[in-house]
Amino acid sequence: MLGKLAVTGLTLWLLWQSVVADAATSAAWRGLITDAQRGPAVAALLLVPLNWALEAWKWWRLAQHLEPVSFARSFRAVLVGLTLGFVTPNRVGDYAGRLLELKNRRPEALGAVFLGRYCQLIITLLAGAAGVLYFVARYIGHTYPLVVGGLALTAVLGSGLLLLPLYRSRYLLEAVLQWRPLGRFRRYVANLPHYPARVLNEVLLVSGLRYAVFTAQFGLLLCAYGAQAPLGAALAAIAGTFLLKSLVPSLNALTDVGARELSATHLFGLLGLPVLPVLSASLSLWVLNIALPSAAGLLFVLRLKVLRRNRKRRKHLRVV
């Protein structure tokens, strides 16, 4: 109970610091309520449940190989993981949150969480590479065409290397785990090679759909704040923003609010868009998709039975 209260207090404090106390985020949030165009802003808000429902479906699909689990329980696990990840470095609490929501709490669940996050990362890197190539081709393509061609070829080869660990994880794990310091993690990833290609394809597809929802929300928020750009250029800037954000590790929720905004204002600045609406749209995207669901996840964190298995064991010992 003390641990859950500590997580609750820390989450609420970080929410206050990052949404209310931070001047830029607070201004963006108030602007979303008062000054932004209501239609696009409401549409972006309505996409939040769809965004996390897709993430819950991914976890439900992966968790089916560990134990029978309902979609409702998977959705709750995602919210618990989101809340715990909100207060931990690089969102590692997401692993613990989903593991605690499983009945058996098998160590292989950590590998399943990693697999879902890796699929999402693949989509982010592929789309982001295309977005960065757009800007490279736009600004130096006419001067250095060979450089652009080399970068495009590198992106294609890199895409293949990204997919190789996903579909050939057995051989990669056998090679990597031969190194003794990493051998202790064998039980956590032992289940990864047993996922069939059909399941991996489905998870990748849903990851792409979730990425499309994120992109649509960003575009809607840009429209809500009056930032207009050609569709192709805007998509490239959004993809580049997500790519740069994914490459920067975050220590906690406070440091997470900044990396995306810095990259967004820079990339959209190349398109001639003013800084303020882009910054407001990026901060509002974070508030809608991270801050609000993390607050909602607190309700499930307080009801979480952290010591369920230990209690059962103690009861069994008393009977014996």
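Helices are DSSP runs of H or I with at least four residues, numbered from the N terminus. This is a predicted model, in which local features need pLDDT of at least 70, side-chain atom pairs count only at pLDDT 80 or more, and totals for chains, interfaces and linings use all residues. Residues are numbered from 1 along each chain as its sequence is written, and side-chain values use heavy atoms, without hydrogens and water.

**Salt bridges**
- The whole structure has six salt bridges (a side-chain nitrogen of Lys or Arg within 4 Å of a carboxyl oxygen of Asp or Glu).
- Glu 55 pairs with Lys 58, the closest N and O atoms being 3.1 Å apart; because the two are three residues apart in helix H3 (residues 38–63), about one helical turn separates them.
- Glu 55 and Lys 58 are both buried (under 20% relative accessible area; exposed is over 50%, partly exposed in between; 1.4 Å probe, protein chains only).
- Asp 94 bridges to Arg 98 at 3.0 Å between the closest N and O atoms, both in helix H5 (residues 93–100) and four residues apart.
- Asp 94 counts as buried at 9% relative accessibility, and Arg 98 is buried at 5%.
- A network of salt bridges links Glu 55, Lys 58, Asp 94, Arg 98 and Arg 210.

**Helix H11**
- Arg 198 and Glu 202 form a salt bridge, with the closest N and O atoms 3.8 Å apart.
- Both residues lie in helix H11 (residues 197–224), four residues apart, about one turn of the helix.
- Glu 202 is partly exposed, at 23% relative accessibility.
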